[in-house]
Amino acid sequence: MAEGLSSTQTPAEGRGPLDATSLRFRDDDPVLDPAVTVDAFTAQGNAVAVRIEPGDDVRELLPSLDRLALVEINFPTFGDGRGYSAARILREAGYRGELRAVGDVLVDQIAYLRRCGFDAFAPEAPLDPDDVAAALDRFPHVYQPAADERNPIWNLRHGKGEELRDE
Amino acid sequence: MYLYDQYDQAMVDARVAEFRDQCQRRIDGKLTEDQFKPLRLMNGLYLQLHAYMLRVAVPYGTLKSTQMHALADIADKYDRGYGHFTTRQNIQYNWIKLEDAGDILADLAKVEMHAIQTSGNCIRNISSDHFAGAAADEVADPRPYAELLRQWSSFHPEFSYLPRKFKICVIASDRDRAAMKLHDIGIQIVRNDAGELGAAFYVGGGMGRTPMIAPLIRDFVPLDQLITYAEACLRVYNRYGRRDNKYKARIKILVHELGAAEYTRQVEEEFAHLLDQGVEPPFAELKRIRTFFEDPAFAQSSAAEIDRSDPDFALWVDRNTHPHKVEGYTSAVISLKPVGGIPGDASAEQMHLMADLAKDYSFDELRVMHTQNIVLPHVAKSDLHALWTALEDAGLGSPNLDTVEDIIACPGLDYCSLANARSIPVAQKISERFAATGKTAALGELKLKISGCINACGHHHAGHIGILGVDRKGVENYQLLLGGSEAEDTALAKITGPGFSEDGIVDAVEKAADVYLSAREDGERFLDTYRRIGMAPFKEALYG
Amino acid sequence: MSENTMMLITGNDLLTGAVIWWTGSDWSVHIEDAIDAGDAAESIAAEQEAARKVNVPYLVESTMQDGVPRPNHIKDRVRALGPTVRPDLTIKPDTAANAIREIV
């Protein structure tokens, strides 16, 4: 894959919004603004970072995408998969800012999360960057399109979307 | 038969490597059991009563001979010489070691098989009509659509942590041989007035502790929007399906609580949005897949007459064959329900034999039925006697398809850690009872289904006669249900009243059968009589 | 609890999946070797699980009968022996017929 794996370290003490356990797949600077709730975000006019809980309707953010720089999506438990849909909906609506998975995020989920559009990870428990790299490299292809740029097997078989191939 | 290309093979091989790594991390203590459990389940590996159990996917129930041979070899090499065919058209091995799991998956991958998503809260193996591609009454072979759905659902990044498991079934005839309306999504391939093929979507069916029949939510989805529509159905479920209570997390509860109309509205809205997102595969892919399911080289004008001079053979032909779309051919069912046997179990030796017979007599093809039997879909009528003779010699010639001896039974408390009562001994005693009394033939079609707990793997809600094993103060107890159906006239069975002991339930089934025999009118099946006369006469006989 | 009541610890072997019982110092596939772990049962189970000596351990109330612990619940009696419908695959194939009768 063309994109590199970079581990971002910030000098912030303790557990800030980003710390040594964080992983980022973006070239821009991390957003350090505190993420506010969806209610606070829609009520206030100036917040640029919002935190989505599993029960939130991410579509409430769509009218204000242009002022958003960071969306944190929380996974209180790894088995609660609502955040995968939330992420894809944001990307489908054209959101290009940082999409950060926080909470109970495990290495065996990273590849699917990346496919759904997450480009930053700040899990509760630190991830081994080598394990993350291995997990992201594991599957040489994908069957179905998602929020990433990978060209599905369906297209490869029929010579479609070659320009999208990332290898 | 679908054949893997380099891409399919690469994906399955990668999964083998991934799961090997996950198993090793568990063995090394890098993963706790809580973290490992969802990973192993997504590869079909359970921890059951006596050992690990591995469930291997048989996509839409279709196998070729080499695959059946490989399943037999796995039974011999890694298990105890047998496997169990399930009500989801899969096969399970009961005595698997964690340390062997990677090797087994590697052996499976060599024959284009896997255990991907055979458990876990994800989209499970796609099931289909076991007579697909052979049945005289289908509008098309449903399997290309099932295969497309298989690919779409494999490693789906958004739908691998759903509220609960998700089962999809695809059929293509008005006759329902696959319990389509009792799936999370049931799809019927239909032809519209313009002669075009499309997909009718039934969503929110299921058995378990809250059985529901899926309502129709869209009567015609064009085939070039099939995947997009499925994606919309799943997204609404993933976002809004209940996650607060495991027992209310299936999509049937969401559809029920929202109402079918409101669920449909949400799906249609999501669908309209997704149509612009490029979710659908190129139509060329569906065409490519269809080429794998073209008819084998059927002989022209095969002898259409079967020599019925041997009465045992004639009985088997009458019971265990199904009309084929091509003159001179038939679909033959190999019963895995010998009297007193374990429903759905097959030894490695039997699997090898069935594979050989498929090679000799059925263009290399076999099917697994959700009723836990095996089909040879394309048998020339002229070969039927030779086939039957070979089956008889191997103890596989039971002429009892759809009779009271053809019992669906889950593994129950003999194997399953969720079970409350044993299912298999009850099935054994019932088949022995009816074989001994000679009533099997007189009863005709009588679908009997047994589950060892409320999860209903044995489809008891859908039995003409259903039996549910429960735990009553530490003692096995069996409830009797009547009037269910999983065919096109899908219906949920109703409980008769207080439960019975293990021997008592065998007597109760016989009493219910006797009520039918004395009350039936011409041509009525058990189910028809029940529907006409209702529960009362049965209750009277059972409890009066 | 009567005097005969015992608290066994059971689980599955991590590698093989085999049903195992706590013997006081190790694990055995034979329930005859199981001991009453008493009040220490929970802490032993947790400790052994952490050491990966056992997978998914839990406690089984049992009663001593003819010198052999008999789990109070049928599920654990089936686990201790094997599938009742395949005597040949139980832990004691030679005497399984009798053992199966006593399970129920």
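This passage describes the chains of a predicted model, the contacts between them and several local features. Local features were taken at pLDDT of at least 70 and side-chain atom pairs at pLDDT 80 or more, while totals for chains, interfaces and linings use all residues. Residues are numbered from 1 along each chain as its sequence is written, and chains are lettered from A and ligands numbered from 1 in the order in which they are written.

Contacts between chains were examined first, two residues being in contact if their C-beta atoms, placed from the backbone, lie within 7 Å. Two pairs of chains are in contact, and chains A and B share the most contacts. Chain A and chain C are joined by no contact, and their closest C-alpha atoms lie 19 Å apart.

The contact between chains A and B takes 28 residues from chain A and 32 residues from chain B. On the side of chain B that touches chain A, at least two residues each are supplied by α1 (6-27), α2 (33-41), α5 (143-153), α6 (226-240) and α9 (283-291) of chain B. Here helices (H or I, at least four residues) and strands (E, at least two) are DSSP runs, numbered from the N terminus. The largest share of this side, six residues, comes from α1(B). By class, the side of chain B that touches chain A has 15 nonpolar, ten polar and seven charged residues; Ala, Val, Leu, Ile, Met, Phe, Trp, Tyr, Cys and Pro count as nonpolar, Asp, Glu, Lys and Arg as charged, and the others, Gly among them, as polar.

In the contact between chains B and C, 22 residues of chain B meet 21 residues of chain C. β4 (55-65) and α2 (74-81) of chain C each give at least two residues to the side of chain C that touches chain B, and α2(C) gives the most, with four residues. This side of chain C comprises ten nonpolar, eight polar and three charged residues.

Chain C itself contains three helices and five strands, arranged along the sequence in the pattern β-β-β-α-β-β-α-α. Its radius of gyration, taken over C-alpha atoms, is compared with a globule rule of 2.2 Å times the number of residues to the power 0.38. The value for chain C is 13 Å, close to the 13 Å that the rule gives for 104 residues, so chain C is as compact as a globular protein of that length. The C-alpha trace of chain C spans about 35 × 35 × 20 Å along its principal axes. Of the contacts in chain C between residues at least 6 apart in sequence, 44% join residues at least 24 apart.

Burial was assigned from C-beta atoms placed from the backbone: a residue is buried if 20 or more other C-beta atoms lie within 10 Å of its own, exposed if 12 or fewer, and partly exposed in between. In chain C, 35% of the 104 residues count as buried. In chain A, helix α2 (residues 82-92) is largely enclosed by the rest of the structure, because nine of its eleven residues are buried. The buried residues of α2(A) include A:Y84, A:I89 and A:L90. These buried residues pack against β2 (49-52), β3 (70-75), β4 (98-103) and α3 (110-115) of chain A together with α6 of chain B. α2(A) is followed by A:G94, whose phi is positive, near 100°. Elsewhere in chain A, A:A122 lies in strand β5 (residues 120-123) and is buried, with 23 other C-beta atoms within 10 Å.

Not counting residues up to four places away in sequence, B:M354 touches B:M68, B:I334, B:L366 and B:I374.

B:E432, in helix α13 (residues 424-437) of chain B, counts as partly exposed, with 15 C-beta neighbours inside 10 Å. Neighbours within four places in sequence aside, B:E432 is in contact with B:V339 and B:G340. The C-alpha atoms of B:E432 and B:V506, 74 residues apart along the chain, are separated by 9.9 Å.

An unreviewed UniProt entry annotates residues 119-273 and 403-542 of chain B as "domain: Nitrite/sulphite reductase 4Fe-4S"; UniProt positions are given in the numbering used here, feature names are shortened, and annotations may be inferred rather than shown by experiment. Residues 119-273 of chain B are 31% helix and 17% strand, with end C-alpha atoms 30 Å apart. Residues 403-542 of chain B are 36% helix and 17% strand, and their end C-alpha atoms lie 21 Å apart.
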